[in-house]
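Q: Got a model open here and want to go through it quickly. Can you walk me through it?

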Amino acid sequence: MGIKQGVPAPGMRNRMGPTFDERRGVEYRELRAASLLNRFNARPMPFGWTLNPYRGCEMACKYCFARYTHEFLGENDPVAFERRIYVKLTDRDSLVAELTRARKSALLVALGTATDPYQPAETQFQVTRRVLEAAAKVVGVRLSITTKSTLVRRDLALLRELAAGSEVSVNFSIPTLDQTLARRLEPRAPRPDLRFEAMTALATGGVPTRLFIMPVLPRLTDGEPNLRALLVRAREAGAQIAESNVLFLRRGTRETFFEFLRAEFPELVPEYERLYADSAYARNDYVAEMNARFRRVADAVGMKYRRREDRPVDGKTPRQLSLLW
Ligand code: SF4
């Protein structure tokens, strides 16, 4: 990838600003960005633009695929991803101009493709809030938000306004209803039942919501009872559709996740080594088994379901996609 250990990638060093706050053992730094929206056309995906207001995420999920993104900042210690959060400050006028460009393209803007836009930093810095305020001025813009946080409820009124004049959906990432397991996997994310409460509040308020069962963790969250409980709960909470995706163990995440497994679930290490022996993707036979299981359970409980790779590309024809989670 051409990134030197401990050295910010070319072009990054000039963007990295000073630390402007520190609390709960987390340091917040400025990351200057010419633009918050990034045009995404590297491969066919259901969105054309990505928007991630923060780099790093305090919620510290053991399986977080975005951990590698800190390496571009010269941050190689895995803990830095959770403890040094970079905030992309911007003003509303610039955001309105960027979102107007996105609307012109008619492509979906996906908030939170890498890190959570409603992570704890948002309480203070409100970058995501500014994005929504700007989006409210760009009627017709297409927006999708992915989060594990209940903080999204703060923006219910704005989301309702957006839903009335534009396209918006909120995807709740909830891999398990087991609170004890969730606490071990996602140490600082809100409890799963509270995420479902937030989903209910949004859906009741007229904001389209979806359940993202992502990632599915082999032998930890892939059992039929867990899937059934999630899908039933999502149906009750008013989610329009559920999607799933099996764990992706790219470099940067693989090391953290295996360290977690060795400490917390050592008996599962050989199975994960087998499933992820040759690739960051799980073995095809496991993925096929999981897809069949999901479809079966979703049909049984009456919840609309699709595989992540079957999402329409830019709102057009469903096609096979490689993973980007
Ligand atoms: S909430 Fe999302 S971005 Fe944050 S650590 Fe968890 S998986 Fe990563």
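Q: How do strand β9 and strand β10 run, and how many bridges join them?
A: Strands β9 (residues 167–173) and β10 (residues 209–216) run parallel, joined by four bridges. Strands here are DSSP E runs of at least two residues, helices are H or I runs of at least four, and both are numbered from the N terminus. Two strands count as paired if DSSP finds at least two bridges between them.

Q: What kind of model is this, and what are the ground rules?
A: This is a predicted model: local features need pLDDT of at least 70, side-chain atom pairs count only at pLDDT 80 or more, and totals for chains, interfaces and linings use all residues. Residues are numbered from 1 along each chain as its sequence is written, and side-chain values use heavy atoms, with hydrogens and water left out.

Q: Back to the strands. Which residue in β10 is the bridge partner of Ser173?
A: Phe212.

Q: Which helix packs on the sheet there?
A: Helix α8 (residues 224–237), which touches β10 and β11 (241–246). Its direction makes about 165° with that of β10. Axes are lines fitted to C-alpha atoms, for helices over the stretch in contact, and angles run from 0 to 180 degrees between N-to-C directions.

Q: What is the strand order of the open sheet?
A: The order is β3-β4-β7-β8-β9-β10-β11-β12, eight strands with mixed pairing.

Q: And which strands stand at the edges?
A: β3 (37–39) and β12 (305–307). Each has a single partner strand, so one side of each lacks a neighbour in the sheet. From one strand to the next, the twist averages 25°.

Q: New topic. How many salt bridges?
A: The count is 26. The rule is a side-chain nitrogen of Lys or Arg within 4 Å of a carboxyl oxygen of Asp or Glu.

Q: What does Glu27 meet in a salt bridge?
A: The side chain of Arg84, at 3.4 Å, N to O. Glu27 lies in strand β2 (residues 26–31) and Arg84 in strand β6 (residues 84–87), so the pair ties together parts that are 57 residues apart in sequence.

Q: Is Glu27 buried or exposed?
A: Buried, with a relative accessible area of 14%. Arg84 is partly exposed at 25%. Buried means under 20% relative accessible area, exposed means over 50%, and partly exposed is in between (1.4 Å probe, protein chains only).

Q: Which residue does Glu289 pair with?
A: Arg293, with the closest N and O atoms 2.7 Å apart. Both lie in helix α11 (residues 284–301), four residues apart, about one turn of the helix. Glu289 is partly exposed at 39%, and Arg293 is buried at 14%.

Q: Which residues do salt bridges that share partners join into one network?
A: Arg92, Glu122, Arg129, Glu133, Arg154 and Asp155.

Q: What about Asp285?
A: Asp285 forms a salt bridge with Arg283, with the closest N and O atoms 3.1 Å apart. Asp285 is partly exposed at 44%, and Arg283 is partly exposed at 37%.

Q: Where does His70 lie?
A: In the loop between β5 (54–55) and α1 (80–83). His70 is buried, at 1% relative accessibility.

Q: What is His70 in contact with, leaving aside neighbours within four places in sequence?
A: Arg55, Gly56, Glu75, Ala80, Phe81, Arg84 and Tyr86. Contact means heavy atoms within 4.5 Å.
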